[in-house]
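Q: I have a structure on my screen and would like to learn how to read it. Could you take me through it, feature by feature?

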Amino acid sequence: MEISSSPFQEDFSFFNFIQDFEPSSIPLSNTKKRHRNDGIFDFNDESNESSEQEFVSNFLVFDDQQEDKPAQKAKESIPTETVHSMQPNSFLDFEFKQIDQEMNEGGFFSDYFQKNDIFKDFEFDQSSPAKRARVETNDDAAASDDSTTIVGGGAQRRLWVKNRSNAWWEQVNSPDFPEEEFKRTFRMSKATFDMICEELESVVTKKDTMLRLAIPVRKRVAVCIWRLATGEALREVSKRFGLGISTCHKLVFEVCSAIKSVLMPKFLQWPDENKMKETKEKFEFKSGIPNVGGSIYTTHVPIIAPKNNLSAYFNKRHTERNQKTSYSITVQGVVDSKGVFTDICIGWPGSMTDDQVLEKSALFQRANRGGMKDVWVAGNSGFPLMDWILVPYTHRNLTWSQHAFNGKIDEVQKVARDAFMRLKARWSCLQRRTEIKLQDLPVVLGACCVLHNICEMRNEQLNPELKFDLFDDEMIAENGVRSVNAMHARDQIAHKLLHHNFAGTNVL
């Protein structure tokens, strides 16, 4: 929220004015100067009530005491026709005009009395026609714009706030908004969106303050999801939802952090024994390869050239293919038979190969602890052959059984590739370079993976118009075989696929 600067000048001290002020020292004429007094007069002190009354009376006795010289001199300085046309109150207004002009050209003197309810029974004129017009304009603007009125503690205060239209969001948030349009806008149905809002309500909700009303939970979540779905710049998000650019940036990161802390433990986790058994059965039914518990794939997300470690994020393969300098970070993910992520590793520089990213991941550490026993994870040629990683043959002059195996392992790999395709298709922010800070980007990408899982679990169909060709440069691992036992196990699987009619006639 933007607030206008203080109207007081820097060289004007409010406290200095109060300390030097004494009612009896202020003359009724502008021809005399007030004398300095060391006393302190506090308008909030009840003991000064009598002084206030005395001060007021000094301005009211002009009509009863005609022999008062200061008043006579003030009247003599006014043209005769003006004096005859003045009412008692108007003459008092004239005196205040003179005092205002002498003490502060901005009219602070009369404004101060009005704020402190002194002379509340009198009507004060403004110091100039320009000020009257300015005050009337501000009052009209405050009355026409509810966003400038802040209610808190029974008092109303006006703050300057830029007027932004949120008509688009009000239309989308309406119950009458078509379901298909809503799904095209947020990549999910209204029911799924409502479920996400309910899950995040306890974390995302903010309280109203004296300065403004808190942004509702639905609007906060909508800002984040629309930004991830469209990949539009923050200024476009600001126009859509009627919020400031900095506010939109803050909301996106806050909601993504809430998704990571609240929804990720529920919707993105390594399968337990029962789910792993079900996954193995579905992969075996699909490919004929036993004990496959997941399919692994690594993709790259483009980023703006970072300030530090520039060479580490340089994507050489992508640069050579597109003839354009490219920087990226990696996203490694393992999916089940439905294309739901069960493990992700995000944020390693784009210059690293797939096998290098794998060695840095928590999945690799789980395997070293013995957590991947009797489980195969199917990968492409960018991953090494290990006791728990199953990859295709990469040497030349393949046999029939090896051809058959490569065809079936490719079918399992396609599940992961299609999952990443839908991930990038749903959340277009992954297709283009973003202005999100590099240290904050893993949180945003993790939120995209969680939202992808929610849509997949709730059978949210992807709009065919959003599909695109996913292409990542595969680099064959330098050390393609790291386990002799895995090599023999792969040969047995390939032999079984060919001689037990699992490979199919298309291989031959």
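Predicted model: local features only at pLDDT ≥ 70, side-chain atom pairs only at ≥ 80, totals over all residues.

A: Gladly! Residues are numbered from 1 along each chain as its sequence is written, and side-chain values use heavy atoms, with hydrogens and water left out.

Q: How many bridges pair strand 3 with strand 6, and in which sense, parallel or antiparallel?
A: Two strands pair if DSSP finds at least two bridges between them. Here, strand 3 and strand 6 are parallel, with three bridges. Strand 3 also runs antiparallel to strand 4, joined by nine bridges; Val301, for example, is partnered by Ile329 in strand 4.

Q: What counts as a strand or a helix?
A: Both are DSSP runs, numbered from the N terminus: helices are H or I with at least four residues, strands are E with at least two. This chain has seven strands and 20 helices.

Q: What is the order of the strands in the open sheet?
A: Its five strands follow the order 5-4-3-6-7, and the pairing is mixed. Strand 5 (341-349) and strand 7 are the edges: each has a single partner strand, so one side of each has no neighbour in the sheet. Strand 4 (residues 327-335) meets strand 5 in the antiparallel sense through six bridges, and Val334 has Asp343 in strand 5 as its bridge partner.

Q: Where is Asn380, and is Asn380 buried or exposed?
A: Asn380 sits in the loop between strand 6 (376-378) and strand 7 (389-390). Asn380 is buried, at 5% relative accessible area. Its side chain reaches the backbone nitrogen of Gly382 at 3.0 Å.

Q: Which residues is Asn380 in contact with, leaving aside neighbours within four places in sequence?
A: Contact means heavy atoms within 4.5 Å. For Asn380, the residues in contact include Tyr297, Asp354 and Glu474.

Terms used
Buried < 20%, exposed > 50% of the residue type's maximum accessible area, 1.4 Å probe, protein only. Polar contact = N/O pair within 3.5 Å; in protein donor to acceptor, adjacent residues only side chain to side chain.
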